[in-house]
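Subject: Structure handover, with notes on charged residues

Dear colleague,

I am passing on the structure below, together with some notes on its charged side chains. Please read the notes with the model open beside you.

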Amino acid sequence: ERFEEKFESDDVDDRLQILRWFGMWRHKKVLRELRKLWLKADDYEIRAVAAEGLGHQKPYAKKAGRYLVQGLEDMTKLASREDPEGDELLAQTLERKAIVAGLEAVGELGYKDGWEDLKVYIDHYDDDVAAEMMLTCGRLKEYRSLPVLLEWFNYYPDGYSWAGGTVKVDTGAAGNQDAKAAKAKWKAKYGGRKKKARPGAWEALVQSLEMITGEKFQKPDELKEWMKENKVLLRKHGA
């Protein structure tokens with residue numbers, strides 16, 4: 001009753017404050033209300049606080065985790081505007097806040113079942129989102145993330161340079177058909193990748209890898225070698 005009364009306030013700060021208090025309670029009714037706000041609220045700041053609350057619902061971790069993944073699946077294209085200004089900048093900020101809160105809550109719950117749906121966030125356009133997804137992999141000690149993290153590591157070996165990637169094509173055709181096919185294949189695979197410094201995401205990558213493996217890597221080849229030495233362990237965990 002206290003929540004319902006105060007959440008009707010016209011003051012956004014009051015609504016966020018009571019929602020944050022409400023989300024601390026672990027109860028099925030709280031879980032249902034948080035689910036509704038997380039999935040349907042028009043205000044992404046409200047969604048972010050609802051996600052925080054879902055992260056507290058550890059007695060119902062599977063349900064809460066499933067709800068979080070459901071919402072995050074619908075947000076993969078958000079917070080991806082390039083050089084936003086004005087209202088777009090505000091929208092970008094709030095969308096980012098919601099996504100980051102959702103990913104963090106998944107890690108808090110220890111919910112691993114959504115890995116296949118969430119791994120796309122490692123390559124998200126926004127550095128804060130990509131970094132949070134990497135840290136979530138670390139919190140979950142998600143060995144399945146290592147091949148994807150290695151791929152990212154190869155693209156951005158130090159956080160400041162972009163290493164690109166290669167493709168192989170053999171069409172069997174004469175002339176320059178192979179070259180044209182290779183160019184098209186490269187563009188499809190790498191052309192949309194953000195080619196600029198990503199030090200924040202790179203630092204989160206290194207931290208995540210240490211959380212998963214217990215080792216601190218500075219170069220992608222070091223991770224590649226570790227994965228080769230621990231292939232039995234990785235196979236055991238589905239990597």
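This is a predicted model: local features need pLDDT of at least 70, side-chain atom pairs count only at pLDDT 80 or more; totals for chains, interfaces and linings use all residues.

Residues are numbered from 1 along each chain as its sequence is written, and side-chain values use heavy atoms, with hydrogens and water left out.

The partner of K36 is E33, and the two side chains meet in a salt bridge (3.6 Å, N to O), a term that stands for a side-chain nitrogen of Lys or Arg within 4 Å of a carboxyl oxygen of Asp or Glu. E33 also counts as partly exposed, at 22% relative accessibility. Because they lie three residues apart in helix α3 (residues 28-40), E33 and K36 are separated by about one helical turn; helices here are DSSP runs (H or I, at least four residues), numbered from the N terminus.

The structure holds 10 salt bridges, and two others deserve a description. The side chains of E95 and R81 meet at 2.9 Å, N to O, and this pair links distant parts of the chain, with E95 in helix α6 (residues 87-109) and R81 in the loop between α5 (61-73) and α6, 14 residues apart. E95 counts as buried at 6% relative accessibility, whereas R81, at 26%, counts as partly exposed.

The side chains of R198 and D127 form a salt bridge at 2.7 Å, N to O, and this pair too links distant parts of the chain: R198 sits in the loop between α10 (177-190) and α11 (199-213), and D127 in helix α8 (residues 127-139), 71 residues apart. Both R198 and D127 are buried. Elsewhere, R96, D126 and D128 are linked in a network of salt bridges.

Finally, on the surface, E210, E215, D221, E222, E225 and E229 gather in a patch of negative charge, which is made of residues with over 30% relative accessible area and no salt bridge, like charges being joined within 9 Å. Helix α12 (residues 220-229) gives the most to this patch, with four residues. E222 has its place in helix α12 and is partly exposed, with a relative accessible area of 36%.

With best wishes

Conventions
Patches are made of residues with over 30% relative accessible area and no salt bridge: like charges are joined within 9 Å, nonpolar side chains (Val, Leu, Ile, Met, Phe, Trp, Tyr) within 5 Å. Accessible areas come from the Shrake-Rupley method with a 1.4 Å probe; for residues, only the protein chains shown count as cover. Lys and Arg count as positive and Asp and Glu as negative; His and the chain ends are not counted. The place of a charge is taken as NZ of Lys, CZ of Arg, CG of Asp or CD of Glu. Helices (H or I, at least four residues) and strands (E, at least two) are DSSP runs, numbered from the N terminus. Buried means under 20% relative accessible area, exposed over 50%, partly exposed in between (1.4 Å probe, protein chains only).
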